[in-house]
Structures are given as structure tokens and as C-alpha cells.
Amino acid sequence: MLILLGVLALTAVQRRRYRALLGVEILRLPTAREQGWLRRAQRWLSVAQTWRQAGYHLLVGPLLALVELGVLAAWVAGLAGVTVNGWAWMLPVQVRLDYVDYATQAVYYTAAGALLLCAAPWLTGPVTRAETRIALALLGTSRSQQLQQRVEHLSESRTDLIDAVDTERRRIERDLHDGTQQRLVSLAVNLGLAKATLTNLPDEARTVIDEAHREAKEAIAELNDLVRGLHPAVLEDRGLDAALSGLAARVPIPVRLRVDLEERAAPTVESVAYFVVCEALTNVTKHARATRVDVTVKQIGRMLRVNITDDGIGGADTSTGSGLGGLAKRVGSVDGTFHISSPVGGPTTIAVGLPCEP
């Protein structure tokens, strides 16, 4: 019973270890939805994965620990062997003189240590990969559970994305209709009235009015096109670095931008990253009372890491119905991760991870 009670804690430790050292995410067992601790305990004991985890900690774990100690011993013995000449000279002279063959033995030990150091990396890699596969098979969810969770997550993400895009489109249409579009329509109407009523103007003036009227109508049409698809042209032409540089230059507070990309990500990922930074900087400008913002975009392996940190008043929360909830949904639409740390008094840090695969 003690071992069964410790399975959850031991499994959580192993998940944290693999995540921190190897970057491998071992998926959790789906949480039981039954009410009452007795029902949840019965369901947990009836799942085969629980017993696989118990078997890992009782049998497989100790065996893997012995293998790990063997790998560690190979590294230690190799280091000791190649440095035998160094620490042998630290012995008293008389001891070295009494041991007649110490020089020959030192050569053998050095050669053996060098061989061990050459073999240790080749031994460490397969052991690590084997341990990872075993941990994923015994501590993680089964293949069918992974596929089920994946389908549910993708369905929810796509639904949230559609809702977020539709809400954002309606907000932009409302703002443009109540502001900029009304001004342009009023300008076009006034120019049309001037063209219809002022018939005694010179031909040059009528030409200017006609041209201004035509440009006003074209501006209204372009504004409608902009509402249907917002996407900065510089992002498509020159990439995320140039787009974010232009965005940071327009922010009224100092922004320190660092972009380190090995190659361009997929257009969808670039668009999401740009949207995250744009929305975060807008929130900082409006609500954070910050004096400085740090934006870091870096590609680590196949992940695009985006971090935005400001020195404002903090207190941001995704559960309050603010724009941060929309950011989390937008990031989740491409299977990304979204984390925010914003204690009262600051600082606020938004950490986003986006897969670089198309």
C-alpha cells in the first residue's frame, strides 16, 4: 500500500527529471472525473497504467539505476586512468622507487582510461534512449489514450481558434466602422457633393476633386479588405525579425528586442508569434505602467521560444476575460504552450513555445 501510495509522487519526480534533463514530456494519466475520493481511487487502481507505473518503480527503476551506475563508473574510471600520471607524481618519491613497474603500469592505465573515455559517450547515448523509451511506455499514457487526447485537444483548439478569430474580426470591424470608416465615408460624401454642386469651377479644380473622390472610395475598399485579412506585409516578405523590429519601434516605451532564429518558421507560426508580441506590447502600453519591456525570440531545437517581460505593476490573469485568454487560445491553435507569471507588483513574464514544424 505504501508503494502504491508513492507511485504518484515517484512518477511525478520521474516526469520532472526527464523534462528537465532530456526535454522529454511524459504525458499524464487522464484525471478521473468521478466524484468522491473512493470512486477516484477505485478507478485509479483499475487502470492498467497504474500497475505499469508500479512495476517501473519496483523492478525496472532499480535495474536502470544499476545500469546508470555502470555508465557513471565508466566515466570515472576513464578520467582516473588518463590522469594516473598526474596524481602518481603526488606520491612520495620512495613509494614510487619501491614500486618498480609503476611507470609501465601507468602507461597501461592511461591507455585503458582513454579507451573508456572514448567508449563512454557511445555507451551513454543508447542507455539514455533505452531509458526514455521504457519510461514513455511504462510511465506515460498508452498509444490509444494519446490519440484520444490528441484528437480532443485538436478539436478544442480549432474551435477556440475559430471563435477567437471571429471575435477579433468583429471587434476590428466595429472599431473601423465607428471611427476611420465613418471619416472616410464622410469625406467621400463631401467630395461627391462638391463635385455635383460646384459646377462653375475650373477644369483643374474639378480634376483634383474627382481624383480625391476616387481615392477616398478606394481607401474605403482597401479598409474593407484589411478587415477581412490582417497580416503585415513585412512579416511575409522579410520575416519575423524585421516585423518585430518595426513593431517595437512604434511602442511608446523602450523595448529591447532580441531575435535569434536559425531559419524561418512556418508562416502560421510566424503569424502567431507576431500576434503574441503585438498583443502583449499593446497590453503593456495600456495597463502595465511599465518603463521597459524585454522581448526575446529564440529557436531552440524545433521550438520557437517567445518571452515578453515588463517591469510594470503585474496582476495580469488569463481567467479574467482579458486579451490574455485570446493569446492562450491563439497559441494553443498551433499546439503551442502559453505560460504567464504576473505577481502583484510585477514583473510580468509571458513565455510562449511554438513548434517550428509546418
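User: How many salt bridges does the structure hold?
Analyst: This is a predicted model, in which local features need pLDDT of at least 70 and side-chain atom pairs count only at pLDDT 80 or more, while totals for chains, interfaces and linings use all residues. Residues are numbered from 1 along each chain as its sequence is written, and side-chain values use heavy atoms, with hydrogens and water left out. A salt bridge is a side-chain nitrogen of Lys or Arg within 4 Å of a carboxyl oxygen of Asp or Glu. By that criterion, the number of salt bridges in the structure is 8.

User: In which helix do R214 and E218 both lie?
Analyst: Helices (H or I, at least four residues) and strands (E, at least two) are DSSP runs, numbered from the N terminus. R214 and E211 are 3 residues apart, about one turn of the helix, in residues 203-228. R214 and E218 are 4 residues apart, again about one turn. The helix that holds R214 and E218 is α9.

User: What is the relative accessibility of R214?
Analyst: Buried means under 20% relative accessible area, exposed over 50%, and partly exposed in between (1.4 Å probe, protein chains only). E211 is partly exposed at 35%, and E218 is partly exposed at 37%. R214 is also partly exposed, with a relative accessibility of 36%.

User: Is D294 buried or exposed?
Analyst: D294 forms a salt bridge with R292 (2.6 Å, N to O). D294 is at 12% relative accessibility, so D294 counts as buried.

User: Which side chain of opposite charge is nearest to E131?
Analyst: Side chains of opposite charge can pair when their charged atoms come close. Lys and Arg count as positive and Asp and Glu as negative, while His and the chain ends are not counted. E131, in helix α6 (residues 102-139), is buried yet has no salt bridge. The nearest side chain of opposite charge is 4.2 Å away and belongs to R17.

User: Which residues does E131 touch, not counting residues up to four places away in sequence?
Analyst: Contact means heavy atoms within 4.5 Å. With residues up to four places away in sequence not counted, E131 touches R17, Y18, L64 and E68.
The contacts of E131 thus defined include R17.

User: How far from the centre of the ring of Y18 is the charged end of R17?
Analyst: A charge sits over a ring if NZ of Lys or CZ of Arg is within 6 Å of the ring centre and within 35 degrees of the ring normal. The charged end of R17 sits over the ring of Y18. The distance of this charged end from the ring centre is 4.9 Å.

User: To what does the count of aromatic pairs come?
Analyst: Rings of Phe, Tyr and Trp (its six-membered ring) pair if their centres lie within 6.5 Å; planes under 30 degrees apart count as stacked, over 60 as edge-to-face and the rest as tilted. By this rule, the count of aromatic pairs is 0.

User: Within what arc do the buried residues of α11 fall?
Analyst: Helix α11 covers residues 240-249, and L240, A243, L244, L247 and A248 are buried there. Seen down the axis of α11, these buried residues line one face of the helix. The arc is that of the directions from the helix axis to the C-beta atoms. For α11, the buried residues fall within 130°.

User: How far apart in space are T285 and I253?
Analyst: T285 is in helix α12 (residues 267-288) and is partly exposed, with a relative accessible area of 37%. T285 touches V251 and P252, not counting residues up to four places away in sequence. T285 and I253 are 32 residues apart in sequence. In space, C-alpha to C-alpha, their separation is 7.4 Å.

User: Where is the place of R289?
Analyst: R289 has a positive phi of about 55° although it is not a glycine. At 69% relative accessibility, R289 counts as exposed. R289 is placed in the loop between α12 and β2 (293-300).
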